[in-house]
Amino acid sequence: MNIENAQQQVDNWIKEHGVRYFNELTNMAQLTEEVGEVARIIARRYGEQSEKESDKNKDLGEELADVLFVVLCLANQTGINLQDAFENKLDIKTKRDHDRHHNNQKLK
């Protein structure tokens, strides 16, 4: 599946199950909440914080998928083709960062 197909799947889901998109500000708040859930898992599972018993069964993949779902919603409702935007961003990063990262002594 590519990003364009994912956007279409989300749009179909919203139309069939979600009634309508939440407004952009609500989705932005939801995105912040979902990113916070990812951060909590990462901090406790891979960072220095201890993992609470209630957090041990949390699925990082599911939480990342929640982030992706809301990002796709925001792209759809603001008219952004995320496939094109991602490909453009990857091209920019490739041109800008290739030598920079290879020359970064901290990465050696």
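Let's start with helix 1 and helix 4: their axes come within 7 Å and cross at roughly 150 degrees. That makes helix 1 roughly antiparallel to helix 4. On terms: angles under 35 degrees count as roughly parallel, over 145 as roughly antiparallel, 65 to 115 as roughly perpendicular, and the rest as oblique. Axes are lines fitted to C-alpha atoms, for helices over the stretch in contact, and the angles run from 0 to 180 degrees between N-to-C directions. Helices are DSSP runs of H or I with at least four residues, numbered from the N terminus.

Now the ground rules. This is a predicted model, where local features need pLDDT of at least 70 and side-chain atom pairs count only at pLDDT 80 or more, while totals for chains, interfaces and linings use all residues. Residues are numbered from 1 along each chain as its sequence is written, and side-chain values use heavy atoms, with hydrogens and water left out.

Back to the helix pair. Which residues meet there? From helix 1, Ile3, Glu4 and Gln7; from helix 4, Leu82, Gln83 and Phe86. Contact here means heavy atoms within 4.5 Å. By class, the contact of helix 1 with helix 4 splits into three nonpolar, two polar and one charged. For the classes, Ala, Val, Leu, Ile, Met, Phe, Trp, Tyr, Cys and Pro count as nonpolar, Asp, Glu, Lys and Arg as charged, and the others, Gly among them, as polar.

Next, helix 1 against helix 3. The packing angle is about 85 degrees, and the axes are 9 Å apart. Helix 1 and helix 3 are therefore roughly perpendicular to each other. Helix 1 brings Ile3, Ala6, Gln7, Val10, Asp11, Trp13 and Ile14 to the contact. Helix 3 brings Phe69, Leu72, Cys73, Ala75 and Asn76. The class count for helix 1 with helix 3 is nine nonpolar, two polar and one charged.

Let's look at helix 1 itself, residues 3-18. Its buried residues are Ala6, Gln7, Val10, Asp11 and Ile14. Why do they sit on the same side of helix 1? Because they cover an arc of only 140 degrees around the axis. That arc is taken from the directions from the helix axis to the C-beta atoms. Buried means under 20% relative accessible area, exposed means over 50%, and partly exposed is in between, with a 1.4 Å probe and protein chains only. The buried residues of helix 1 pack against helix 3 (60-77) and helix 4 (82-102). On the other side, Lys15, Glu16 and His17 are exposed.

Now the two ends of helix 1. Asn2 lies in the segment before the helix, and caps its N-terminal end. The side chain of Asn2 reaches the backbone nitrogen of Glu4 at 3.1 Å. That side chain also reaches the backbone nitrogen of Asn5, at 2.7 Å. A polar contact is a pair of N or O atoms within 3.5 Å; within protein, one must be able to donate a hydrogen and the other to accept it, and residues adjacent in sequence count only if both atoms are side-chain atoms. Asn2 counts as partly exposed, at 32% relative accessibility.

Most residues other than glycine have a negative phi. Val19 sits in the loop between helix 1 and helix 2. Is Val19 buried or exposed? Exposed, at 77% relative accessibility.

On to helix 2, residues 24-45, where we find Asn27. Asn27 is buried, at 2% relative accessible area. Leaving out residues up to four places away in sequence, Asn27 touches Phe22, Val70, Cys73, Leu74 and Gln77. With Gln77 there is a side-chain to side-chain polar contact of 2.6 Å.

Last stop: Arg45, also found in helix 2. Arg45 counts as partly exposed, at 27% relative accessibility. Beyond four places in sequence, Arg45 touches Glu51, Asp55, Lys56, Lys58 and Leu60. Its side chain and that of Glu51 are joined by a polar contact of 3.1 Å. A polar atom of the Arg45 side chain also lies 3.3 Å from the backbone oxygen of Asp55. As for Lys56, the C-alpha atoms of Arg45 and Lys56 are 8.1 Å apart, across eleven residues in sequence.
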